[in-house]
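These are my notebook entries on a structure that was new to me. I set down what I looked up, in order.

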Amino acid sequence: MVGMAGGALAQTPAPPATTQAPAAPAPDAAPPSPQGVEPPIAQEGIEPEAMLPAPPTAAPTVNVQPSAGPAIASGPASVADLTEGLLDAVVNISTSQSVANQGAGPQTPQVPEGAPFEEFFDDFFDGEGPEGSQKVNSLGSGFVIDPSGYVVTNNHVIEDADDIEVVFPDGSKLKAELVGTDTKTDLSVLKVEPKAPLKAVHFGDSRQMRIGDWVMAIGNPFGLGGSVTLGIISARGRNINAGPYDNFIQTDAAINKGNSGGPLFNMRGEVIGINTAIISPSGGSIGIGFAVPTELAENIVNQLIEFGETRRGWLGVRIQPVTDEVAESLGLDRARGALVSGVVEGGPIANGEIKAGDVILRFDGQAVGEMRDLPRAVAESPVGKEVDVVVLRDGKEQTVKVTLGRLEDSTDEVAETDETVEPEDGQAPEDDGTEQQDGAEQGPVEILGMTLAALDEEQRQAFGIAESVEGVVVTAVEDGSKAAEKGLKPGDVIVEVGQDFVDAPAAVSERVDALKSEGRRNAHLMVADPTGALRFVAVPVE
């Protein structure tokens with residue numbers, strides 16, 4: 001990165017001084033005698049000066065072949081041929097936006113005419129516009145995927161722009177129109193109208209890439225167009241909490257500000273990622289960059305070109321992670337899958353195919369290793385497709401069929417605002433006037449660090465619990481208890497224990513004792529908040 005510190009460019013330090021070697025002694029000079037050692041005695045009758053010098057040691061003969069040309073240092077294989085065929089398809093994205101002045105604030109820097117980097121300041125500060133507005137420019141990267149003029153970039157590169165311009169490597173510029181954008185994956189598609197077909201690149205399969213494979217990034221870092229960097233894939237499937245479908249490729253190929261929207265190539269010249277984000281305390285590359293993989297991006301780009309919007313599949317469930325404790329309480333061999341905490345009213349699940357408490361293990365043939373795998377797999381599926389979903393219910397795997405709906409912008413697979421309905425097995429059984437009535441008359445019970453009471457009208461009013469919620473109310477939680485550590489609090493309602501509905505405090509105690517006798521270390525609780533929103537908690541019973 002080119003930068004200035006203290007108003008002066010940093011200088012390269014001079015190499016350290018070299019200590020001069022002592023002069024070699026003359027050939028006829030006698031070597032000095034070691035201290036305390038007398039020189040050898042000459043043979044009798046022969047003067048020392050008359051002694052002949054020892055014959056020289058014969059040196060080995062070395063045959064040196066003449067060089068055919070200048071010596072060339074050996075190094076890694078060049079990517080020049082690969083780069084040459086790709087540079088023309090990578091473009092700069094220039095945007096401008098008029099923003100209202102906010103009074104006192106950062107002002108345009110005063111740069112002396114002819115000063116270094118003057119053009120960079122001119123690019124980013126175009127001065128005040130009409131009616132007190134200021135024109136702000138920004139630069140990013142993109143690449144042509146169709147000779148007719150379709151260009152892919154990041155949404156954050158062109159977001160809120162008044163004007164978008166595509167700058168080609170030969171310096172030519174074309175106005176661009178926004179075809180469509182997807183904020184959840186930070187992708188956008190632009191369209192320009194060229195006079196002749198453009199040089200384009202095509203998508204490769206990012207699923208074939210392995211950690212350690214070489215990749216090459218081309219982009220526009222800091223406004224320096226056509227910059228090429230090389231590195232490897234450092235990791236796959238990274239979740240950086242940028243969106244609901246995070247599945248980033250991590251690379252150590254240098255990616256800086258301005259590289260956003262540029263392509264990440266494999267060594268066959270195929271685009272296997274779109275450079276999107278970096279981790280950097282300084283704003284420059286520290287070798288941790290992220291790219292949206294084409295296994296996710298290609299379908300989105302095609303939908304934006306065809307429809308001008310994304311059309312994602314939607315399952316209509318609320319989910320939460322399966323922790324080690326939840327897995328043990330459900331009898332799973334390990335923590336995997338997505339735990340269904342509720343079903344969206346009016347969604348694709350119309351006939352109870354999937355219920356709260358189910359653990360989704362496979363979706364349309366794909367294993368659900370962890371919770372975040374499910375939203376991505378569902379979103380990539382076509383709207384209206386009938387899929388097989390493998391769920392764990394009552395300790396057994398079952399396969400159900402579900403026809404996917406369409407995910408609108410206002411809904412989300414993991415949104416906390418989704419409305420839920422109670423599961424069928426979570427509804428209160430009809431009162432037969434015997435055991436249930438007796439159970440409801442029992443007093444409070446203390447168990448697992450909680451005080452439990454029957455959910456009557458007095459408790460509903462005290463905690464503001466909705467009429468649709470049924471179960472046993474938590475009236476107090478002991479500080480430092482296991483229940484407190486799991487987030488249980490007064491006003492929560494225990495609906496199920498070990499997937500069995502409970503309607504009285506004694507029923508909770510009996511079910512927990514039964515789990516202990518079965519050797520379970522955790523009690524799997526379905527818990528409703530006062531509004532009826534469900535979640536699952538595994539509380540240790542030991």
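In what order do the 6 strands close into a barrel? I found the order β9-β10-β11-β14-β13-β12, with antiparallel pairing; strands (E, at least two residues) and helices (H or I, at least four) are DSSP runs, numbered from the N terminus, and two strands pair if DSSP finds at least two bridges between them.

I noted that this is a predicted model, in which local features need pLDDT of at least 70 and side-chain atom pairs pLDDT 80 or more, while totals for chains, interfaces and linings use all residues. Residues are numbered from 1 along each chain as its sequence is written, and side-chain values use heavy atoms, without hydrogens and water.

I then looked at β12 (residues 263–265), which 3 bridges join to β13 in antiparallel fashion. Phe265 has Val271 in β13 as its bridge partner.

Met209 counts as buried because its relative accessibility is 8%. Beyond four places in sequence, Met209 touches residues including Trp214 and Ile233, contact meaning heavy atoms within 4.5 Å. Met209 and Ile233 lie 24 residues apart in sequence and 8.1 Å apart in space, C-alpha to C-alpha.

Key. Buried < 20%, exposed > 50% of the residue type's maximum accessible area, 1.4 Å probe, protein only.
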